[in-house]
Structures are given as C-alpha cells and as structure tokens.
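Visitor: I have a structure here that I would like to go through with you. Could we take it one topic at a time?

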Amino acid sequence: MAADGDSGDFRLTAEGVATPARRVRVLLPLPLGEPYDYKVPDDLDLPPGAYVEVPLGPRRLFGVVWGEVTATVPEGAVPDAKLKPVLRRFDLPPMPDVARRFVDWVAAYTMSPPGAVLRMAVSVSAALEEPKAVTGYMRADAPIPPDLKLSPQRRRVLELLADGPPRTAAELAQEAGCGPGVVRGLADSGLLLPVPMRSLARFAEPDGDRPGFALEGAQATAAAALRERVAANAYSCTLLDGVTGSGKTEVYFEAVAACLRAGRQALVLLPEIALSAQWLDRFERRFGARPAEWHSDLTSVVRRHTWRAVANGEVKVVVGARSALFLPYPDLGLIVVDEEHESAFKQEDGVVYHARDMAVARAHLGKIPAVLVSATPSLETLANTEAGRYARIDLPSRHGGASLPDVTLIDLRKPDQAPPARHWLSPVLRDALAETFLAGEQGMLFLNRRGYAPLTLCRACGYRLQCPNCTAWLVEHRHSRRLQCHHCGYAAKLPDACPECEAEGSFVACGPGVERVAEEVAELFPDTRVAMMTSDTLFGPRAIQEVIEKVKAHEVDLLIGTQVMAKGHHFPMLTLVGVVDGDLGLSGGDLRAGERTFQLLHQVAGRAGREQRPGRVFIQTHMPEHPVMQALADHDRDAFLAHEAEGRRALELPPFGRLAAIVVSGEDDRAVDQVALRLGRLAPRDRHELTILGPAPAPMAVLRGRHRRRLLIKGPKALALQPVIADWLAKVDIPSSVRVQVDIDPYSFL
Ligand code: ADP
Ligand code: ZN
C-alpha cells in the first residue's frame, strides 16, 4: 500500500515503496498509565479486543488490543523503526467492547492504572492458552496376544475399560489401584488405544424453562417486574427489598430464568462468605444444572477452564464474588447483586473498588438490568431509590407467614442482668438457653470475635501483648495454643514470662472471644453438643456445609460463631439467637458503624424461628437506648434508616456527599510523614466546597510493618472528586519507597 507521505516514519518495502508500519495499541496487565504501541505483522488479523502476546524489554507478556489498527504515527508515539512487533494472537474471541470500556471506566473512577484493572479481568493468564489435550485410553480392538503375561493389575485395567468411557492413565490407575506405568505398559503392547480427551467436562446448561415455585401476590408481581426489565434490553437498576425469608432469591431466580430464555448470560454476585453449597444446591434444583463458580477458592485448573468457558459463551450463569464482574462475558444480560449492603463487596487492596457500584456501572455500559437485593439495603442504595435513579420492589412478608422473632435487649448495666465476674452470658440468656435445650430446640450464640480473648495483659505490670507489625493487640487462640494478629497473620506462643517486668505466669485474658464463650457454655451445659463456626475452625464452603448438615440433622444443640454464621443458612429447629456483645461494632469512628451493626445483627436475628416455631433473640448491650438497638427491638428498620440518613445529610456525608481517602504508607516513618505533610500543605484548600482532613496517623498507624497516614477529602454530591485529587497528587513528588493509595468512597477507616 502506498503511503500518502505526509506524516510519520516510513520504511522501505522490498518493492521500494515507502509504507508506514501498521500499528496497534496494546494494553498490558501492568500498572501503566497507557496502552503501548506495537507493530502488526502482515499476516496477523488484530481486531480490537484481540488477546495477544508482545515483548516488553526481555519479557513476553499478554496484552489486549485497545484500539483499531492504524497506519499513521500519532504525535509523540514511538517511531516505526523502534516499534516491536506483536508476537502472536491467542485463539480466543476478542474481549468484548463493553468489557474493555468497563476496564477503562473502572480505572478512571477508582483512579487506578487501566492495566491494573485489566489484570483483574484476565486474572488467569494461563487461560489464554489452548488447554493441553489430555490423553485418555480405550480398549483397542485387538485380541490379547497369547504370549502376554497378564498381571492381576493389568487384567483389572482391561476389565475397567471393557465398559465405560476412555479415562486418563491417572484415573485408570486410581480406579484399578495400580501405578500409571501399568496403563502405559498395556498401551505399548497395543491393547489400549490413546485418544485425545477434553481435559474437563463442558459446563451443563441451566434450563430457563424449568418451572420454579408457584409465586403469588407480591412475589408474583415482583417476578413479573423483573422479567420485564430483562426483556427490555435496556439499562435499569432495581432494588429488591424484603425481609429474610420473603422469597427474594426465588424472585430473582425468575429474572435469571428470563435471561436464560433470552439466550443471554447472567451473573449473580454474592459476598464470598455467602457463596455456600446451600445456595448452589438450590440453584441446581431450580435450573437442573449448577452455575459456574468464580471465587478465590477455585483451583487454577478450574479457574482457567471457567474463564475460557465464559469468554466462549459456553457458561450461561456465573455466581461469584466481586471479581466475577470482570470476566469477559460476550453477552451478559443481567447482573444480580445479592446482599448488596455487604461491605465484603468492597475490595480494599490493589484496585480499590466497590463491586455493587461497579456492577451498576457495568449494567449501564452494557445496557442491561441490574438487580440489587437485600433485607437491609445500604443507605447508598436507598438514597438512589429515593432520588428515582433506582426502581424499588418490596417483598413485605416472610413466605408461609412465619413471624419475625421476638427481640429482647439485655441491659448489661443492670446488676440482675449482668453476667457474673469473668463470665459473658447474662442470667437472662442462660435461662433462655436452658429452656431452648429443654424443649429440644436449637440455639445460636453470636460473637464477632475469633479466638479466646481479644487482649492479653500482664497482671503484674499491665503490659499488653501487641503485634510487632501492626497497631493491634495479639489475640489469644487456645484452640491452636497461639497468639495471633488478625491483621497481618503474625503468630507466636504465649511467652512464659512478661517481656516487660519478667513476672512469670502473669498473663491474664481480657474480654471474650468465641472460644471463651464456648468454655462458659461447657461449664453451664456440660451435655450440650456445641459446634463452632468461625473462619479459624472452618476452611472453605465444604467445611461450612458439613456443620450446616449436622445442625440440620440435629446433631448439634448450639452453634457458637462469628459472622461466618450470620449468612442465609436456614435451620428449622433453631429458635434462639443470643448476641453476646451487641455493641461490638459500634465503637470506633467509622461512618457506617451504626448501619453495619444494624445490618449484621438484623441478619443474625433472622436466623431464629424461620419456620413454624417462633424465634427469640436476646441482645446483650450496654446501650439499650441506642437507635440501632431500638430499631432491632421494635423491628423498625425504616425509623433507624431515616435517623441515620438525617445525620449523614446534615454533615453532607455519603450518600449525600462525596468522600475519598488518601492513605500514605511506607516502611520508613519519616518518608511517609514528609509525603503526608506535603500533601497536607498542597491540599486544594482554596476550594470552599471541599473539606480536607488530615494528614493524621491512621487508626492502624502501623499495618504489616508499614507506617500509615490518612487524609480525607469531602465534597458535595454533584462534584466528582477524581479530577481534584489528580491535580492535587500531581503537585507532590512521591518517592518510590512511599505508596499513595486513593480510596474513592471509602468503607474502611482504619
Ligand atoms: P430470601 O431470599 O428473601 O431470604 P428465600 O427466597 O430464600 O427468601 O425464601 C425463603 C424460603 O421460602 C426458601 O426456602 C424458599 O424456597 C421458600 N419459598 C419462598 N417463596 C416460595 C414459594 N412461592 N413457594 C414455595 N417456597 C417458597
Ligand atoms: Zn499484625
């Protein structure tokens, strides 16, 4: 092709005609500001979104084509002569346009490099490669040679293959109880035939035509409304608000069914912790096949397989934690965010983002419906429904007429309600437990604190055992005989003598953790069968499922646990819930402390009396008059939310204003201080619509060995803070030893 000859560098082709190199911008999965330019080899077809391999210095990296192939050299670009070529294209459908725009959008909103967001979207780069063909073996159509000695092991392998599908050497060896060499020996002698196999089974397709439960009344209306949204082929955002047990899941399953019937993909986001085997089984019962799962617990093989199957459109329904949002869906038609109020949707490291908010943005870009589901919606979402930005559907009552549990506040300040010294269960709660066990029913004690005691101190000198890497006390775990830091994972044995005063055996445990509550229960009710439910005692969804089965089979009388236990489990015989320390989440200067405590305790309380037997909830508190406690006791969520909203509106705090945090951290205390102070001095204080607080030492002034300072910037709702922050940060030189992390819409104030 002849060049017009007015711009750029030219090279001479063999024919002597000057042609500019074809070039393309490729986004790399690195924290870079911009895509890089690469030369397109003549034989390569590179549509936007193509996954490619490119050189970067001595390395080879994957990247994604982030624009059209062009033949001009844009101003300031690398000249043709220095351009490196794209090495190859991976055999995959290109990353869809909407997925690429989403990466850019999230990067801009969270003020992260687009490459860092791309790395979340292609979190398993091995998935780009065609999976290796796996060799299976079948019985060859050959008679057994008379001179061949058949060992019992060989015979067993042949018998196994007489009927049944081809299997890998490893599978056959396992089934036959021999080594894989036996299988290979048989293949060498011509008795087995190697055949290529797909390494993993295809994903079965959930069936949108299978009928669900018969829905009536509010459920039917809600389901019809959601089906309509799915059919509309347009962006919408709907809050599905209803008490626990009102059938929200059944209702949003109808939206998923509608999406499947339309032949499109659906995504259900759940907080990781709620992604239970129970939920998956329920989905399977409804749709006849399991959804694809996406969360941190998957093996790398399953991860690769799933990523490819989503990209190919083979997977129709994904249920996943927040990162599932970034999968390269070619035809996403619906996003459901269940438990939308959960703070677990906020990712705090790397790219700091809130998956619920990003889900709405993804729905907007993709022109599809988003459905936010909760029994205790966030103030953010409620403010959006009140402003008319989101629609709202209510499911007012529990399915089957189960009534809400009776909530009693136990006033720990009153002598007759307070527990005895060094004990944690009030006589009121003890009596209720005794009654429950006597009636052959089950109970649950909730304390959101792992371990035995949150603080250990020296009786002689008052010395407190602290983490060497964090501003945090070490938590005693008797179960594992260790002291642990819940922030960095540091663990140590309890020292024999106090490091400060050298007194021996002087350490005392202060305050309760779940292990200590279990000790008290054992003392009070020695015959009670107790199960613990914490992230220390249960690893992964399967372990949780085992405990759940035991509770259902009534092999357990009492569950004691942390918030792992609070999620949607359904126990028909569980009629009593005791909250050991209702005030736990309320201390500290967190903007959402009240809201979060309410959500958590409401959810815990919802575990009681889900079927015919009425439930009772007891909350131990030093602040029975606190609006959170009052709202729980009176079942008056809306009064609480109104109160909470009023307070935030008055202070222009989210959701009625905007907030961003800037966290400066590093190992060198002084370097961190210098950057923080400079940021403080150069803050845009001339802009009167903004409030800037700090720099101040973060409440966790040291975390994992890094010193931390915080700044907060607050502005009116109508003002985007990102450009303001970008200008501000550009004024400050940041040495490489110091990290400045911007957190738009912060949820953690540590
Ligand atoms: P939520 O998600 O609001 O907590 P679920 O959808 O889990 O509520 O419903 C609570 C229980 O009631 C579940 O066991 C569910 O299967 C059952 N259920 C809800 N609606 C119906 C219905 N229309 N017919 C039969 N069972 C239902
Ligand atoms: Zn620590």
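**Zinc site and cores**

Guide: Along the chain, the donors of the zinc ion (ligand 2) are spaced as C-x2-C-x14-C-x2-C. Please note that this is a predicted model.

Visitor: Which residues are the protein donors of that zinc ion (ligand 2)?

Guide: They are Cys467, Cys470, Cys485 and Cys488, each through SG, at 2.2 to 2.4 Å from the ion.

Visitor: And what is the geometry of the site?

Guide: The site is tetrahedral, with angles of 103 to 115° among the 4 donor atoms. For comparison, the ideal angle for four tetrahedral donors is 109.5 degrees.

Visitor: Where in the chain do Cys467 and Cys488 sit?

Guide: Cys467 is in the loop between strand S22 (455-458) and strand S23 (475-477), and Cys488 is in the loop between strand S24 (482-484) and strand S25 (491-492). The two are 21 residues apart, and the pair links distant parts of the chain.

Visitor: Is Cys467 buried or exposed?

Guide: Cys467 has a relative accessible area of 5%, which is under the 20% limit, so it counts as buried. Cys488, at 25%, is partly exposed.

Visitor: Changing topic: how many residues does the largest nonpolar core have?

Guide: It has 56 residues, and Trp307, Val318 and Leu325 have the most contacts inside it. Domain 1 (11-121) and domain 3 (217-399) both contribute residues, so this core lies between them.

Visitor: What is Trp307 in contact with, leaving aside its neighbours within four places in sequence?

Guide: Its contacts include Tyr51, Leu92, Trp294 and Pro328. There is also a second, separate core of 42 residues, with Leu239, Met444, Leu538 and Val551 among them.

Conventions
Residues are numbered from 1 along each chain as its sequence is written. Chains are lettered from A and ligands numbered from 1 in the order in which they are written. This is a predicted model: local features need pLDDT of at least 70, side-chain atom pairs count only at pLDDT 80 or more; totals for chains, interfaces and linings use all residues. Side-chain values use heavy atoms; hydrogens and water are left out. A nonpolar core is a set of buried Ala, Val, Leu, Ile, Met, Phe, Trp, Tyr and Cys residues joined through side-chain atoms within 4.5 Å. Buried means under 20% relative accessible area, exposed over 50%, partly exposed in between (1.4 Å probe, protein chains only). Domain bounds come from an automatic or database domain assignment. Contact means heavy atoms within 4.5 Å. Donors are N, O and S atoms within 2.8 Å of the metal (3.2 Å for Na, K and Ca); water is not among the atoms, so sites may look incomplete. Four donors count as tetrahedral if all angles lie between 85 and 135 degrees; four count as square planar and six as octahedral if opposite donors are over 155 degrees apart and all others between 65 and 115; anything else is irregular. Helices (H or I, at least four residues) and strands (E, at least two) are DSSP runs, numbered from the N terminus.
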